[in-house]
Amino acid sequence: MKKTLLACVLAAASFTAHAQQVAAQPLRFVIGAGLTFGGDRLATTSYTNGTSANIRAGSGLQLAAGAEYRLSPLFSLQGTVGYHIHFTPEASNGDADFSRIPVELIAYYHANEKWRVGGGMRFVRNAKLSGSGFASGLDESFDDTTSGIVEAEYLYSPSLGFKLRGVSEKYDSRRYAIGSAKANHLGMFANFYF
């Protein structure tokens with residue numbers, strides 16, 4: 001009985017200390033970077049040495065910055081604005097890339113101090129496929145799109161987190177040269193909180 005009572009007191013003290021920490025600083029900023037993989041092939045570029053590279057609708061490097069607000073010990077909201085780009089290695093005779101600007105809003109449930117899961121929406125603007133030199137005919141714009149996000153994050157420390165996410169996304173070509181392209185992808189990210 002004494003051990004159970006002691007365990008309850010320690011758990012309550014831990015919860016109170018955690019709640020006070022959240023209340024003391026509910027707003028913090030975030031910057032992050034990650035790699036994404038997936039989506040339909042939008043273009044293939046060939047090089048003079050015989051190699052080629054694909055531009056995919058869901059792949060690339062994503063950078064993001066924003067803020068997070070802790071609503072309670074169990075829930076938080078995060079909003080970010082980013083830049084997402086997939087590019088081919090630059091060659092002396094040209095290059096190609098697919099760039100877009102994602103705005104994301106994610107709600108998190110904190111399972112404990114180290115793990116949280118989240119879901120939300122991703123609004124993508126200014127998606128465009130561009131090329132120069134040998135790839136100059138690749139210029140294509142896409143309609144803005146809205147998609148869903150699910151993710152899990154491991155908080156290595158209060159200021160560093162690692163995410164695994166999935167996004168269900170689709171782009172429609174404005175000039176219909178490409179039509180529509182699925183951009184579903186998986187991503188791995190590192191976030192820094194301050």
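Accessible areas here come from the Shrake-Rupley method with a 1.4 Å probe, and for residues only the protein chains shown count as cover. On that basis the chain exposes about 10700 Å², with carbon and sulfur atoms supplying 64% of it. Keep in mind that this is a predicted model: local features need pLDDT of at least 70, side-chain atom pairs count only at pLDDT 80 or more, and totals for chains, interfaces and linings use all residues. Residues are numbered from 1 along each chain as its sequence is written, and side-chain values use heavy atoms, leaving out hydrogens and water.

Now for the layout. The chain has 1 helix and 13 strands (DSSP runs numbered from the N terminus: H or I of at least four residues for helices, E of at least two for strands). From the N terminus on, the order is α-β-β-β-β-β-β-β-β-β-β-β-β-β. Of the 194 residues, 37% count as buried, meaning under 20% relative accessible area, with exposed over 50% and partly exposed in between (1.4 Å probe, protein chains only).

Take a look at Gly 133, found in strand S7 (residues 115-133). Why does Gly 133 count as partly exposed? Because its relative accessibility is 45%. Gly 133 and Asp 95 sit 38 residues apart in sequence, yet 6.7 Å apart in space, C-alpha to C-alpha.

Finally, contacts (heavy atoms within 4.5 Å): among those between residues at least 6 apart in sequence, 61% join residues at least 24 apart.
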